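Here is a colleague's note to read alongside the model. The points below go through the chain contact, the helices and the loops in turn.

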Amino acid sequence: MEIFLQNFFNLEVFQQALPYLLQGFWTTIWLSVLVIPLGAAAGLLLALGQTQSSRRSLRWSIIAYIDFFRAFPPLVLLIFLYFGLPFVIGDVPKLIAVMLAFTLNNSSYFAEVFRAGIEAIPKGQMEAARSTGLSRLQALRWVILPQATRHVQADLLGNCIEVVKLTAIASVVGIPELLRNARDVQSLVYNPSPVVLAALLYLALLWPLTRWLARLEHRKLAMFSH
Amino acid sequence: MSESSGGFLFTFFNLAIAQEYWADIARGMLVTIGVGIAVVITGLALGLAMAIGRALQLRWLTAATVIFSDVMRSLPPLVVLILLYFGLPTLGLELSAFAATWVSLSMVLAAYAQESIWSAMASLAKGQTEAARSTGLSWWQAMRWVVLPQALRRAVPPLTNRVISTTKNTALGSIVALGEILSNAQAASAVAGNPTPLTIGAFLYLLVFLPIVIFSRWLEHKTKTTA
């Protein structure tokens, strides 16, 4: 027990590491705030293209794009871009490689969620909205999308949580986010406590969201069974 | 780096380099598939066991299950892996890269599987178990023949997605030097000073995962049309 506390919950190390880890924590948060809207916006566009376009070729290209990036491990994508981009367009800031990898990856997940939401709204809604004189775009904006997003709010929240957790892989290319900073301190003090402290910070941020998600999912399933 | 950037093909699809390293990366693919299958088996089995345990409605067991699942679903899998791989040795418990990747991803998958299966069980009408019990089935028989078959069918779509994302995470093993696709491709790219090995790696990942993704799309379509 003594050894366990010494190595995993070393208060002295916690105290030394905390300011540095908090810096990383903020980087994790603003990185998430940066990439979630990008992925969600791109995903929404893809979903609209897939559900609203009458051009078969466009719909199939979107499906191909989505499946391609769902099959591609995000870490592989990040390293491929990080290592490969400089060969194509010269030096690229790490942050650009990270943002590009994250947007490509999570836009395909957001696209699937938005598509499911849009498809869940009965076709008659669009027809009814159009017949009141709304344009197609207005009908989407004011009638279809509000209902669609409400229908899939649990999955949207789930995606956001996944993206926040995914920011940990940015540590691999040296973005000074929470995990990177924790590992830096860990290698300085030869003690894994900083990583435990990082885990506690991740929990503080994400546990409430995970609980909220579980409640939403539960409610959705309960609705289906009656 | 810039002197080798003469021509996109020469850079990303360099045949000479591909010939030299492809066998190494293909060996990594076997490791990726091996650890992936191991994770799916233990992760799903543990998740199923926890969901059934939760149905027993023992307070301490439920609490332990919920806490375990919440923590595993809130932590980045990479953090779990690093804690196991770099943390446990300080307690005298040394895990190989394979074991660390296997155990950490299994725990993550188990947490999600437990939650999906449990939610599906909870969504069945309560009367089902009571009716089954009243026909003389034991608790376990009711679980085995009435509750589980229906619950598992409902849990298939979320489980498929989670299985895909967890097995893709075997790429995280590269961080603890597990010799899977990414790790071998990265090493070869660094030695060759050329991204061709990474292109091969990317291709192999698609070879493994694209059929699974397409299968999941087909499965989702099928469950939707039969529901």
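How many residues does the contact take from chain A and from chain B?

1. The contact takes 40 residues from chain A and 43 residues from chain B, where two residues are in contact if their C-beta atoms, placed from the backbone, lie within 7 Å. On the side of chain A that touches chain B, H10(A) gives the largest share, 16 residues. By class that side has 30 nonpolar, five polar and five charged residues (Ala, Val, Leu, Ile, Met, Phe, Trp, Tyr, Cys and Pro count as nonpolar, Asp, Glu, Lys and Arg as charged, and the others, Gly among them, as polar).

2. A word on conventions: this is a predicted model, in which local features need pLDDT of at least 70 and side-chain atom pairs count only at pLDDT 80 or more, while totals for chains, interfaces and linings use all residues. Residues are numbered from 1 along each chain as its sequence is written, and chains are lettered from A and ligands numbered from 1 in the order in which they are written.

3. Do look at one helix pair across the contact. The axes of H4 (residues 74-89) of chain A and H8 (residues 181-192) of chain B come within 11 Å and cross at roughly 10 degrees (axes are lines fitted to C-alpha atoms, for helices over the stretch in contact, and angles run from 0 to 180 degrees between N-to-C directions). That makes H4(A) roughly parallel to H8(B), a term for angles under 35 degrees. Leu75(A), Val76(A), Ile79(A) and Phe83(A) meet Leu182(B), Gln186(B) and Ser189(B) here. Helices are DSSP runs (H or I, at least four residues), numbered from the N terminus.

4. Helix H5 (residues 94-120) of chain A has 27 residues and reaches 39 Å from its first C-alpha to its last, close to the 39 Å expected at 1.5 Å a residue (1.5 Å times one less than its number of residues). Of its 27 residues, 19 are buried, so H5(A) is largely enclosed by the rest of the structure (buried means 20 or more other C-beta atoms within 10 Å of a residue's own, exposed 12 or fewer, partly exposed in between; C-beta atoms are placed from the backbone).

5. Two loop residues deserve a glance. Tyr190(A), in the loop between H9 and H10 of chain A, has a positive phi of about 50 degrees although it is not a glycine. Tyr190(A) counts as exposed, with 9 C-beta neighbours inside 10 Å. Gln57(B), in the loop between H2 and H3 of chain B, has a positive phi near 60 degrees. Gln57(B) is exposed too, with 8 other C-beta atoms within 10 Å.

Note on methods. Angles under 35 degrees count as roughly parallel, over 145 as roughly antiparallel, 65 to 115 as roughly perpendicular and the rest as oblique.
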